[in-house]
Amino acid sequence: MLVGIALLVFAFVGAKLIPITLAPPLAATHKVDINDQTLIAQGEYYARVADCVACHTAPGGKPFAGGLGMQTPMGAIYSTNITPDIETGIGSYSYADFERAVRKGIRQDNQPLYPAMPFVSYKIANDAEIEAMYAYFMSSVSPVKQQNQQTTIPWPASMRWPLAWWQALFSPARSFTANPNLTAEQNQGAYLVEGLAHCGACHTPRGIAFQEKALSDDASGQFVSGSVLEGWYAKSLRNEGLGLSTWKQADIALFLKTGRTDKTAAFGSMADVVAHSTRYFTDKDLNAIASYLTQLTPRPGYDKNWQPKADTTTSALRAGDFSTPGALLYMEQCAACHRLDGKGAPRIFPALADNSIVFAEDPSSLIQVTLAGGEMATTAHDVMTFTMPGFYHLKNQELADVLNFIRNSWGNHGSHISTRDVATMRRVVDHAPVHYVPAKEIENE
């Protein structure tokens, strides 16, 4: 008993010392000219690259005022107010405070941040980028007085001090190292993917402690190899059969710019990324990311190429053969938009045939968008928004049948979806966190 108490005290005291020893603040004399218009403009761009607005803005809420609910296995956490409001935001943050929070994951009060904040990725951002972002937030973002919401994670899991040990174990000090085997463009893409754009934070599988299994490309092949977050499958971005091998470099850049290609469209959290972040990237940065991703090798044991089977579905549907489970339901609910040949309509209704989202290794995104529906991102390239209706009203068996039909038709071949898989996703949809937006803001809309 005494030994256990002693270990707990040691862990607690150690956690209090970790932020001071492993994440010391910069010297208070480090100043940034927050009135430099060039710096502010650069900071606005870097904040877009880092996608700060998507996470720190609740639907219907004020920009950067926080309140976006994010579901974790233990409960919901809410993004914080990062407007320059003195009382409820970051208005009192010095540059040293700001840099420490963004790159080291430590708040002004010396408390560690949850790893939902991708400081692990932001660590490799250079000083010029962080300084520019500070100038932008302090000078161009409108202050909003809005209190931060408490998590719904129950005590004792809600205690913050153990997060300091998480950071000591899984958030090492690091910087970006260019790969001599890559081109300058590909290294720029790697810098963005590993850093401010933090693609790995969503697309890299997590360990039991919610740590990213790889922070850059290595022999394990784990980096950006696919992961499930909040019921959405962030697919593998590696050049492999179930990843991006069916995508051309130009397709990747176009998808990031517009949220659509002739075959597919972004839904769920990726639609938010496009709407708030990647659509604003320069063509140079988009092409750099695409060039880097297309050279990533497949994971060990994974095929580089995906080979479609023969399409026997189109002729069967046209002949009125609905004997395959799910075929009749597809005709009743889906064919009007996605067509008998599964090819949809370019940039309007996503194709189901030869669409890597459909036959992805993990069908979570396919199940969730079918249950709950979704809305495409609207950009300057595609000014009309198209919505996928939800089919929550269908029974689990009906949904499993039609999704298995889709995953194994028109040449597709994907793993089996069970009624249990559908039921599990239905619970995810049912327990999606409620975002926090003050009532007075809703009234003023």
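**Rings, cysteines and crossing helices in a predicted model**

Colleague: Over the ring of which residue does the charged end of Arg299 sit, and how far is it from the ring centre?

Modeller: The structure is a predicted model. In this model, the charged end of Arg299 is placed over an aromatic ring. That ring belongs to Tyr302, and the distance to its centre is 3.7 Å.

Colleague: Which residue has its charged end over the ring of Tyr392?

Modeller: The ring of Tyr392 has a charged end sitting over it, 4.6 Å from the ring centre. The residue that supplies this charged end is Arg426.

Colleague: How many disulfides does a search of the whole structure find?

Modeller: A disulfide requires two cysteine sulfur atoms within 2.5 Å. For Cys52, the closest cysteine sulfur is that of Cys55, and at 8.5 Å it is too far for a bond. Cys199 is likewise in no disulfide, since the nearest cysteine sulfur, in Cys202, is 8.7 Å away. Over the whole structure, the number of disulfides found is 0.

Colleague: Is Cys199 buried or exposed?

Modeller: A residue counts as buried when its relative accessible area is under 20%. Cys199 has a relative accessibility of 18%, and therefore counts as buried.

Colleague: What kind of aromatic pair do Phe64 and Tyr136 form?

Modeller: The search of the whole structure finds 17 aromatic pairs, and Phe64 with Tyr136 is one of them. Their ring centres are 6.4 Å apart, and the angle between the planes is 80 degrees. Planes over 60 degrees apart count as edge-to-face, so the pair of Phe64 and Tyr136 is edge-to-face.

Colleague: How many residues apart in sequence are the parts that this pair ties together?

Modeller: Phe64 lies in the loop between helix H3 (52–55) and strand E1 (69–72), whereas Tyr136 belongs to helix H6 (residues 127–139). Phe64 is buried, at a relative accessible area of 7%, and Tyr136 is buried as well, at 10%. The pair therefore ties together parts whose separation in sequence is 72 residues.

Colleague: Which residues do ring pairs link into a cluster with Phe64?

Modeller: Ring pairs join Phe64 to a cluster of aromatic residues. Besides Phe64, the members are Tyr95, Phe98, Tyr134, Tyr136 and Phe137.

Colleague: How is helix H17 oriented to helix H18, and what is the handedness of their crossing?

Modeller: The axes of H17 (residues 396–407) and H18 (residues 419–430) come within 8 Å and cross at roughly 115 degrees. That angle makes H17 roughly perpendicular to H18. The handedness of the crossing is right-handed.

Key. Residues numbered from 1 in each chain as written. Predicted model: local features only at pLDDT ≥ 70, side-chain atom pairs only at ≥ 80, totals over all residues. Heavy atoms only, no water. Buried < 20%, exposed > 50% of the residue type's maximum accessible area, 1.4 Å probe, protein only. Phe/Tyr/Trp six-rings, centres within 6.5 Å; stacked < 30°, edge-to-face > 60°. Helix = DSSP H or I, 4+ residues; strand = E, 2+ residues; numbered from the N terminus. Lys NZ or Arg CZ within 6 Å of the ring centre and 35° of its normal. Axes fitted to C-alpha atoms, helices over the stretch in contact; angles between N-to-C directions. Parallel < 35°, antiparallel > 145°, perpendicular 65-115°, else oblique. Left-handed = near helix turned anticlockwise from the far one by under 90°.
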